[in-house]
Amino acid sequence: MKIAITGGIGSGKSYVCQLLAQRGIKIYDCDSAAKRLMHTSPTLQQRLTELIGPETYDKERKLNKAEVARFLLLSEKNAQAINAIVHPAVAQDFLESGYQWMECAILFESGFEQLVEKVITVTAPEDIRIERIMLRDGITREKALEWIHRQWAQEKVVSLSDFEIINDGRPLEPQIEGIISAIRS
């Protein structure tokens, strides 16, 4: 059975994945895979360069993150064009990876829910998320809120999920154990 873990920025989904890894569960990280593929896949490099321009990669084929971010933030159409290149490559890589679990921040937005049978969403109150993002990334409250509001609302993601882990300070282990038991039964 293939299982996805998702949740908005600052919800603690990566921390939950660390707890699962301590149980011996290997989890495919979609964000890391996308970065790796953009650095190593000649096909992806060619398609991104054709879309964004010759400044997408330097002479050593190193990704120019600032240029990609500039292009991405110009319009929603640009973001969708990049996603149309990167998302299928990540989906294929996951399917070929042998992993049963994936961590994907934008599971439903990317259509990756179609790759799994069960979805677990990690949630946290907005104030806690804001604090976590500000501490982790050294940004202002306003910027953290902007990032949160760029993603789908937690309630919408939870409504499409099979399980929810609430990461508001209550113990996570019993929640994780309950979900693992439910999945295995």
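Predicted model: local features only at pLDDT ≥ 70, side-chain atom pairs only at ≥ 80, totals over all residues.
Student: Let's start with open space. How much space lies in the largest pocket?

Tutor: About 1900 Å³.

Student: And how many residues line the largest pocket?

Tutor: There are 48 lining residues. Asp-31, Leu-72, Asn-83, Ile-106 and Gln-151 lie nearest the centre of the pocket.

Student: Which helices each supply at least two residues of that lining?

Tutor: The list is α1 (13-22), α2, α4 (65-74), α5 (76-97), α6 (107-110), α7 (126-137) and α8 (141-150).

Student: Which one gives the largest share?

Tutor: That is α5, with 8 residues.

Student: How do the lining residues of the largest pocket divide into nonpolar, polar and charged?

Tutor: The lining has 21 nonpolar, 13 polar and 14 charged residues.

Student: Which residues line the largest cavity?

Tutor: Among them are Thr-6, Gly-7 and Gly-8.

Student: What classes are in the lining of the largest cavity?

Tutor: By class, it has 3 nonpolar, 6 polar and 2 charged residues.

Student: And what classes are in the lining of the second largest cavity?

Tutor: That lining has 8 nonpolar residues, no polar ones and no charged ones. The residues are Ile-5, Leu-20, Trp-101, Ile-120, Ile-165, Ile-176, Ile-179 and Ile-180.

Student: Which helix gives the most to the lining of that second largest cavity?

Tutor: Helix α10 (residues 173-184), with 3 residues.

Student: Let's stay in α10. Is Gln-175 buried or exposed?

Tutor: Gln-175 lies in that helix. Its relative accessibility is 16%, so it counts as buried. The cut-off for buried is under 20%.

Student: What does Gln-175 touch?

Tutor: Leaving out residues up to four places away in sequence, Gln-175 touches Glu-164, Ile-165, Ile-166 and Arg-170. Ile-165 is also one of the residues lining the second largest cavity.

Student: New topic: Ile-27. Where is it found?

Tutor: Ile-27 is in strand β2 (residues 27-29). It is buried, because its relative accessible area is 18%, and under 20% counts as buried.

Student: Which residues does Ile-27 touch?

Tutor: Not counting residues up to four places away in sequence, Ile-27 touches Ile-5, Cys-17, Leu-20, Tyr-99, Trp-101, Met-102 and Glu-103. Ile-5, Leu-20 and Trp-101 also line the second largest cavity.

Student: How far apart are Ile-27 and Leu-51?

Tutor: In sequence, 24 residues. In space, 31 Å, C-alpha to C-alpha.

Student: Last one, on helix packing. At what angle do the axes of α2 and α3 cross?

Tutor: The axes of α2 (residues 30-40) and α3 (residues 42-52) cross at roughly 85° and come within 6 Å. So α2 is roughly perpendicular to α3. Angles of 65 to 115 degrees count that way.

Student: Which residues meet there?

Tutor: From α2, Leu-37, Met-38, His-39 and Thr-40. From α3, Pro-42, Leu-44, Gln-45 and Leu-48. By class, this contact has 5 nonpolar, 3 polar and no charged residues.

Technical notes. Residues numbered from 1 in each chain as written. Heavy atoms only, no water. Axes fitted to C-alpha atoms, helices over the stretch in contact; angles between N-to-C directions. Helix = DSSP H or I, 4+ residues; strand = E, 2+ residues; numbered from the N terminus. Parallel < 35°, antiparallel > 145°, perpendicular 65-115°, else oblique. Contact = heavy atoms within 4.5 Å. Nonpolar A, V, L, I, M, F, W, Y, C, P; charged D, E, K, R; others polar. 1 Å grid on protein atoms, 1.4 Å probe; cavity = no way out; pocket = protein on both sides within 12 Å on 5 of 7 lines; lining within 4 Å. Points joined across faces, edges and corners; volume = space filled by probe spheres on them. Buried < 20%, exposed > 50% of the residue type's maximum accessible area, 1.4 Å probe, protein only.
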